[in-house]
Structures are given as structure tokens and as C-alpha cells.
Amino acid sequence: MSFETAREILGYAKEEFEKAMKLNDVFLYRSAADKAFLALVVAVNTYIESREGVMPKSHGERRRILRKIGREDLGALYSDLMKTLHEEAFYEGVYRPDEVGYAIEKVGRVIDELEKEVEQ
């Protein structure tokens, strides 16, 4: 796992999201949202592994470790993006392209920020 992998997954999510909007395809929309969430998981796991030397195995473990290392802000953002992308868009099929589009872009910014922090 790496930030490069997270960016690659996010690229697939963006492509699917754009295609879903053009075709008005709810299945592609849901798939794009979940891929964006996966990119976030990969990025957060990479960040945690670089800081703590462990690979989280669950959402709860990710949030617990983020609290432990003083990154409650990242844990809250992770939970918020998980709700929008994974729970609402993917599982529940809530169709809010403006929210999902924003969340996809936010995941890209998070990946960049975490990679910069790790490099310092």
C-alpha cells in the first residue's frame, strides 16, 4: 500500500464518476463513490503505517489509532467521508452527485496532505 496506489484508485473513481454523470448511471455512481472511499482507506492506512508501524484492520481501529497519535481531526474527516461515500452513496444508494463530487475531490487533497506530512 502506498499513496501512489491511493492516487491510482482515486483516478479510477474520478473516471467512473464522470462517466456515471454523463450516462446518468447509478451503478457507476455507486462504484465510483466506493472506489474513492477505498482510496481514502489506502491513504490513511499508509499514513498510520508510516507513523506507527502497524496496518489497521478495521474502521474502528483506524479511528482509534488516529486518536492515539493526536489526529482526531483526520479521524473525524475519515468518518465524514466514509458516511458520504461508503454508507450513503454506495450502500444506501443516496444520489447526491454534488456531495460525492466534493468528497472525491476532498479525498485527493487528503492524500496529498498525508503524503507531505509523511515526507517531512
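**Helix 2 and its ends**

I worked on a predicted model. I first checked the length of helix 2 (residues 26–52): at 1.5 Å a residue, its 27 residues should span 39 Å, and the end C-alpha atoms are 38 Å apart, which agrees. Just after helix 2, I noted a positive phi of about 75 degrees at G53.

**R62**

I located R62 in helix 3 (residues 59–68). R62 is buried but has no salt bridge; I found the nearest side chain of opposite charge, E61, 7.5 Å away. The side chain of R62 does make a polar contact of 3.1 Å with that of H59. Leaving aside residues up to four places away in sequence, I listed its contacts as V41, V44, N45, I48, P56 and Y78.

**Salt bridges**

I counted 11 salt bridges. One of them joins E16 and K35, with the closest N and O atoms 3.0 Å apart. E16 lies in helix 1 (residues 3–23) and K35 in helix 2, so this pair ties together parts 19 residues apart in sequence. I recorded E16 as buried at 18% relative accessible area, and K35 as partly exposed at 26%.

I next examined R51 and E117, whose side chains form a salt bridge of 3.3 Å, N to O. This pair links helix 2 with helix 5 (residues 97–119) across 66 residues. I also noted that R51 and E117 belong to a salt-bridge network with R71 and D73.

Technical notes
Residues are numbered from 1 along each chain as its sequence is written. This is a predicted model: local features need pLDDT of at least 70, side-chain atom pairs count only at pLDDT 80 or more; totals for chains, interfaces and linings use all residues. Side-chain values use heavy atoms; hydrogens and water are left out. Helices (H or I, at least four residues) and strands (E, at least two) are DSSP runs, numbered from the N terminus. The expected span of a helix is 1.5 Å times one less than its number of residues. Buried means under 20% relative accessible area, exposed over 50%, partly exposed in between (1.4 Å probe, protein chains only). Lys and Arg count as positive and Asp and Glu as negative; His and the chain ends are not counted. A salt bridge is a side-chain nitrogen of Lys or Arg within 4 Å of a carboxyl oxygen of Asp or Glu. A polar contact is a pair of N or O atoms within 3.5 Å; within protein, one must be able to donate a hydrogen and the other to accept it, and residues adjacent in sequence count only if both atoms are side-chain atoms. Contact means heavy atoms within 4.5 Å.
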